[in-house]
Amino acid sequence: MTIKVISPNGGFLSGQFLIAMPGMGDPRFDKSLIFLCDHSEDGAMGLIVNKPIVETDFAEICDFLDIECAQERDVSVLYGGPVDTQKGLVLHSPEFHTSKSNELSTSAYSLTGTRDVIEALAQGVGPKSAFLAMGYAGWGAGQLESELQQNVWLVGTSDHDLIFGQEHDVKWEMALMQAGVDPRLLVPPAGHA
């Protein structure tokens with residue numbers, strides 16, 4: 001089945017979800033839910049929003065960066081994707097802004113990759129909603145479009161609660177259901193003999 005994608009921003013999918021289809025062949029993206037931060041003719045960049053890094057938490061990140069955590073804050077630390085995994089990016093609600101914050105095209109979210117947002121979160125004065133992603137997912141020009149034609153991804157409408165919610169193990173299924181797909185009916189494609 002081929003799914004036709006119509007986007008409100010001229011065919012580009014910034015601000016939408018990519019929902020990994022079963023059997024995509026790349027274990028790094030198995031059952032991934034990706035928020036597309038940017039998509040243009042030059043390529044795309046997004047963050048996986050449902051794969052927590054269980055080996056570490058926000059307090060440990062602050063300790064590593066020598067930032068004092070004055071307030072206990074439940075900020076998810078997620079595997080954002082396979083590109084540049086040593087770099088942290090904070091996706092957050094737009095009421096918090098620094099000179100280094102990038103307001104995303106949807107203007108409902110901002111992306112900051114500097115220490116100041118982590119310091120603000122640690123002090124309890126940062127954005128209301130946020131998560132820290134280690135790494136990101138990236139596509140070159142035409143690469144994402146090719147994957148969409150191969151039905152590797154389903155496009156869905158992004159949802160604030162799915163982006164920032166803490167129940168990571170059900171986000172993929174919930175995104176599928178919001179897109180009108182019953183995850184129990186999806187089966188990976190059969191191999192070729």
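These exercises work through a predicted model of one protein chain.

**Exercise 1. Find how many helices and strands the protein chain has, and in which pattern they follow one another.**

Solution. 
- Step 1: Count the elements. The protein chain holds five helices and nine strands.
- Step 2: Read along the sequence. The pattern runs β-β-β-α-β-β-β-β-α-β-α-β-α-α.

**Exercise 2. Work out where confidence is lowest and where it is highest among the strands β3 and β6.**

Solution. 
- Step 1: Start with the chain average. The mean pLDDT is 87, and 90% of the residues score at least 70.
- Step 2: Go to the elements. Strand β3 (residues 43–48) has the highest confidence, at 97. Strand β6 (residues 102–103) has the lowest, at a mean of 85.
- Step 3: Look at the start of the chain. Over residues 1–9, pLDDT stays under 50. For this stretch the model has 10 contacts beyond four places in sequence.

**Exercise 3. Decide whether the radius of gyration agrees with that of a compact globule.**

Solution. 
- Step 1: Take the length. For 193 residues, a compact globule would have a radius of gyration near 16 Å.
- Step 2: Compare. The protein chain has 17 Å, which agrees.
- Step 3: The C-alpha trace spans about 55 × 35 × 25 Å along its principal axes.
- Step 4: Turn to burial and surface. Of the 193 residues, 44% are buried. The accessible surface comes to about 10300 Å², and 51% of it belongs to carbon and sulfur atoms.
- Step 5: Check the contacts. Among those with a separation of 6 or more, 67% join residues 24 or more positions apart.

**Exercise 4. Identify the buried residues of helix α2 and what covers them.**

Solution. 
- Step 1: Locate the helix. Helix α2 covers residues 115–123.
- Step 2: List its buried residues. They are Val117, Ile118, Ala120, Leu121 and Ala122.
- Step 3: Find the cover. It includes the helix α1 (58–64) and the strands β5 (83–92), β7 (110–112) and β8 (130–140).
- Step 4: See what comes after the helix. Gly124 follows α2, and its phi is positive, near 80°.

**Exercise 5. Determine whether Thr112 is buried or exposed, and name its contacts.**

Solution. 
- Step 1: Locate the residue. Thr112 belongs to strand β7.
- Step 2: Apply the cut-off. Buried means under 20% relative accessible area. Thr112 has 0%, so Thr112 is buried.
- Step 3: Follow its side chain. A polar contact of 2.6 Å links it to the side chain of Ser101.
- Step 4: List the contacts, leaving aside neighbours within four places in sequence. Thr112 is in contact with Leu89, Val90, His92, Thr98, Lys100, Ser101 and Val117.
- Step 5: Link back to Exercise 4. Val117 is one of the buried residues of helix α2.

Notes. Residues numbered from 1 in each chain as written. Heavy atoms only, no water. Buried < 20%, exposed > 50% of the residue type's maximum accessible area, 1.4 Å probe, protein only. Helix = DSSP H or I, 4+ residues; strand = E, 2+ residues; numbered from the N terminus. Contact = heavy atoms within 4.5 Å. Polar contact = N/O pair within 3.5 Å; in protein donor to acceptor, adjacent residues only side chain to side chain. pLDDT = per-residue confidence, 0-100. Rg over C-alpha atoms; globule rule 2.2 N^0.38 Å. Areas by Shrake-Rupley, 256 points an atom, 1.4 Å probe, with all protein chains shown as cover.
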